[in-house]
Amino acid sequence: MKTRITELLGTEAPIIQGGMAWVAEWHLAAAVSNAGGLGIIGAASAPAEIVREQVRKVKELTDKPFGVNIMLLNPNAPEVAKVVIEEGVQVVTTGAGSPAKFMADWKAAGVKVIPVVASVAMAVMMERAGADAVVAEGAEAGGHIGSTNTMSLVPQVVDAVKIPVIAAGGIADGRGMAAAFMLGAEGVQMGTRFVAAEESIVHENFKNKLCKATDIDSVVTGLSTGHPIRVLRNKMTKEYLKLEQEGAPFEELEKLTLGSLRKAVMDGDIDNGSLMSGQIAGMIKEVKSCKDIISGIVSDAEKLLKI
Ligand SMILES: Cc1cc2nc3c(=O)[nH]c(=O)nc-3n(C[C@H](O)[C@H](O)[C@H](O)COP(=O)(O)O)c2cc1C
């Protein structure tokens, strides 16, 4: 399956594993890259030296390309941006802001830059700033989201930019990938599907909850704070949404979510943790290896697209 994305990334398949705080660490990133996709280390709020260690561990396990996801609002972002160059990381995906101020250094070092966007305006801005491609992420996705759904967002972004577009949000099988390609995407990014990968370090309680979820089991918290996040419904979201409805101040809401993704991923606390997952969780019924996930999706998509 060759597209401008496989050419750009040097991967076999045009499939990216989304950068995911706590979830996307070296085991998962290396497994995805070894399976022919692009594994990504989610830097999130980790100190730069921890990210460097993660990068080195991935390099020990694979000689295939992989990337780092940097959340630009994070105070550590400038240091992580340097680590990426020093360690020869081939690809950076960015979230939460514009990577413009790092662009010249990354380009000079040959790093491919792929911002994650949730609107046409942001995609156009990123193209002008020198991005090599964009991930257009619809509101079906797990984690922090925008407001437009994948079905509407992807073709509008494709029409607005010349660089290749990677679709994200609600994709977890060959049908989703084929549909994204019909909308003009040349690659897909998946998060939720890889949470339930054999190689993901996510606690089995979280994986089991995800595999039992139905189509309507995700909710969006944080709409009132301007930071909407899609997670699976649980005790924490029930309390959070009640407080939001009552107009609770940001500080009170934050108390409920501080460290909550860690609780879900590392401790398996499915009541109080933040079970970040997309709407497609309802379709994911079993934990599979990255190799089975990627080869299954590619072969099904190829049949549907008659490649
Ligand atoms: C548990 C979890 C954590 C995430 N954390 C991040 C993150 O730190 N940075 C980021 O850019 N996207 C993050 N995302 C979004 C993913 O990278 C990806 O774009 C998204 O999951 C795609 O939609 P899907 O969940 O429907 O596959 C996260 C998603 C999940 C499920």
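Predicted model: local features only at pLDDT ≥ 70, side-chain atom pairs only at ≥ 80, totals over all residues.
Met266 is partly exposed, with a relative accessible area of 34%. Met266 sits in helix α13, which spans residues 260-267.

Now for the charges. The whole structure has 12 salt bridges, and Glu49, Arg52, Arg56, Lys59, Glu86 and Glu87 are linked in a network of them. Here are some of the pairs:

| Salt bridge | Closest N and O atoms |
|---|---|
| Glu49 and Arg52 | 2.9 Å |
| Arg52 and Glu87 | 2.9 Å |
| Glu87 and Arg56 | 2.8 Å |

Glu49 and Arg52 both belong to helix α3 (residues 48-61), three residues apart, or about one turn of the helix. An α-helix has 3.6 residues a turn, so residues three or four places apart point the same way. Even so, Glu49 is partly exposed at 47% relative accessibility, while Arg52 is buried at 14%.

Arg52 also pairs with Glu87. That pair links distant parts of the chain, since Glu87 lies in the loop between α4 (77-86) and β4 (91-95), 35 residues from Arg52. Glu87 is buried, with a relative accessible area of 9%. Glu87 pairs with Arg56 of helix α3 as well, across 31 residues. Arg56 counts as partly exposed, at 44% relative accessibility.

Notes
Residues numbered from 1 in each chain as written. Heavy atoms only, no water. Helix = DSSP H or I, 4+ residues; strand = E, 2+ residues; numbered from the N terminus. Buried < 20%, exposed > 50% of the residue type's maximum accessible area, 1.4 Å probe, protein only. Salt bridge = Lys/Arg side-chain N within 4 Å of Asp/Glu carboxyl O.
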